[in-house]
Amino acid sequence: MATFERMTRWSLAVLAALGVVALGLAAIVKVLSVQAQELSPGKTGGPSVSLVSAPLPSIARGEPGSVDLRFHIASGYHINSNQPSEEFMIPTALHMDATTDIVIGKIYYPDGQSVAFDFAPDQKLSVYSGTFTVGVTVRPLHTVPPGKYAMRGALKYQACDNRACYPPKQLPVEFEVRVIKAPAAHGHRPAQSPHAHT
Amino acid sequence: MKRTFLVLVAILAGVSLMIFAAKKIKPSEANNSIGALRGAPAPDFALKTLDGKTLKLSDLRGKAVLVNFWATWCAPCKIETPWIVDLQNQYGGQGLQVVGVSMDDESDTEDVKKFATEMHMNYPVLRGTEDVGNSYGGLEFLPTTYFVGRDGNVTGRVLGLKGRGDMEDNVKKALATKDSTTQTAQK
């Protein structure tokens, strides 16, 4: 009988303990969730833009080639396009470091999506969201030995969500270009098109 | 029986500690360092206005202060600026002082001046610094607005763009505070 009573007492104590611990945990969760709500609209970690793919193009020496860099913007955020529709907006722009072997040519940006946001339903902004591709024209010099070459630069962007904007950021960008020998010249030139300009 | 009682007391003490710890978790540990300022003295700053004068927050003691952190590149800031201009007009006579703190790069002063003129900002516009931003929780995003009571304590904040009503409610709350130092001095 004494053993039964002792077991009952212990069971009650353990149950009470579990209940109180659950209460304690609930209190912690509540405090954290309130703080997380207050943090809105800034989702933890803030907006992120990442380089998701950069193919390794083979480009002949002395010839221009293009590299398509595909970027991804985290869900819920947008960044200004390269041609923002509003004054003072910071355009998305890729700046490549100058190299001695490969000339960086024109950089091509996609058109922005024209979108109206909750904070200004009557005003459309030119933005990128989801994924977008930037094309970089490169031309290896005639004198460059064949091989792989690393190209470095940074994508400057400024992100917003539906209620707030985040300070401008620079995403380091790096990709490689495989330089190959120019195809051997043919023994004779093809007949010139009558439409070709000289 | 005695042992059970002791166990229960120990558990209760443990849980009390957990609850205490939960309440004391610093906002920075929950990725939110901004909330730590609520009820605390507003971090003082002395910043340059667009015409080169220096404005110190603590010099505004006795007034309710709306400190609006913004930037020219922030589209939501542009939306709420007319509300803030209205609030200054409406509540200025009751002791509200709006202070705009631009977080644009130092080199963008001309843009800031142009923006302030275009938006008819009827309050001092200051050039913010990283240090001041850090003292107000790091300003992860803009707009971020703090409301300071007449006693110099933070009474509220609005993160990101909300409604004009949120701003106004906070202004009223800040205006309802009393400057205890002035009252003590008067006695």
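The side chains of Glu168(B) and Arg164(B) meet in a salt bridge, with 2.7 Å from N to O. The term salt bridge is used where a side-chain nitrogen of Lys or Arg lies within 4 Å of a carboxyl oxygen of Asp or Glu. The model is predicted: local features need pLDDT of at least 70, side-chain atom pairs count only at pLDDT 80 or more, and totals for chains, interfaces and linings use all residues. Residues are numbered from 1 along each chain as its sequence is written, chains are lettered from A and ligands numbered from 1 in the order in which they are written, and side-chain values use heavy atoms, with hydrogens and water left out.

**Salt bridges**

Glu168(B) and Arg164(B) are four residues apart in helix α5 of chain B, so about one helical turn separates them. Helices (H or I, at least four residues) and strands (E, at least two) are DSSP runs, numbered from the N terminus. Glu168(B) is buried, with a relative accessible area of 15%, whereas Arg164(B) is partly exposed at 24%. Here buried means under 20% relative accessible area, exposed means over 50%, and partly exposed lies in between (1.4 Å probe, protein chains only).

Over all chains, the whole structure holds five salt bridges. The table lists three of them, including the pair described above.

| Lys114(B) | Glu87(A) | 2.4 Å |

Lys114(B) is partly exposed at 40% relative accessibility, and Glu87(A) is partly exposed at 37%.

Arg152(A) has a relative accessible area of 45% and is partly exposed; Glu174(A), at 44%, is partly exposed.

**Chain A**

Chain A has one helix and 12 strands. Of its 198 residues, 35% are buried. Contact means heavy atoms within 4.5 Å. Among contacts in chain A between residues at least 6 apart in sequence, 71% join residues at least 24 apart.

Strand β10 (residues 147–157) of chain A runs antiparallel to β5 (residues 93–96) of chain A, and four bridges join them. Two strands pair if DSSP finds at least two bridges between them. Leu94(A) stands opposite Leu155(A) in β10(A). Strand β10(A) is also joined by 11 bridges to β12 (residues 169–180) of chain A, again running antiparallel. There, Leu155(A) has Leu171(A) in β12(A) as its bridge partner.

Val179(A) is found in strand β12 of chain A and counts as buried at 2% relative accessibility. Leaving aside neighbours within four places in sequence, its contacts include Ile59(A), Ile102(A), Val144(A) and Tyr149(A).

An open sheet of four strands in chain A has the order β7-β8-β4-β11, with antiparallel pairing. Strands β7 (113–117) and β11 (159–160) of chain A stand at the edges, each with a single partner strand, so one side of each is left without a neighbour in the sheet. Two bridges join β4 (residues 78–80) to β8 (residues 120–128) in chain A, and Asn80(A) stands opposite Val127(A) in β8(A).

**Chain B**

An open sheet of five strands in chain B has the order β5-β4-β3-β6-β7, with mixed pairing. Its edge strands are β5 (125–127) and β7 (154–159) of chain B; each has a single partner strand, so one side of each lacks a neighbour in the sheet. Neighbouring strands of this sheet are turned by 20° against each other on average, direction ignored. Strand β4 (residues 96–102) of chain B pairs with β5(B) in the parallel sense over three bridges, and Gly100(B) stands opposite Val125(B) in β5(B).

Two helices are described against this sheet. Helix α3 (residues 109–118) of chain B packs on the sheet and touches β3 (64–70), β4 and β5 of chain B; its direction makes about 165° with that of β5(B). Helix α5 (residues 164–175) of chain B also packs on the sheet, touching β3, β4, β6 (144–148) and β7 of chain B, and its direction makes about 170° with that of β7(B). Axes are lines fitted to C-alpha atoms, for helices over the stretch in contact, and angles run from 0 to 180 degrees between N-to-C directions.
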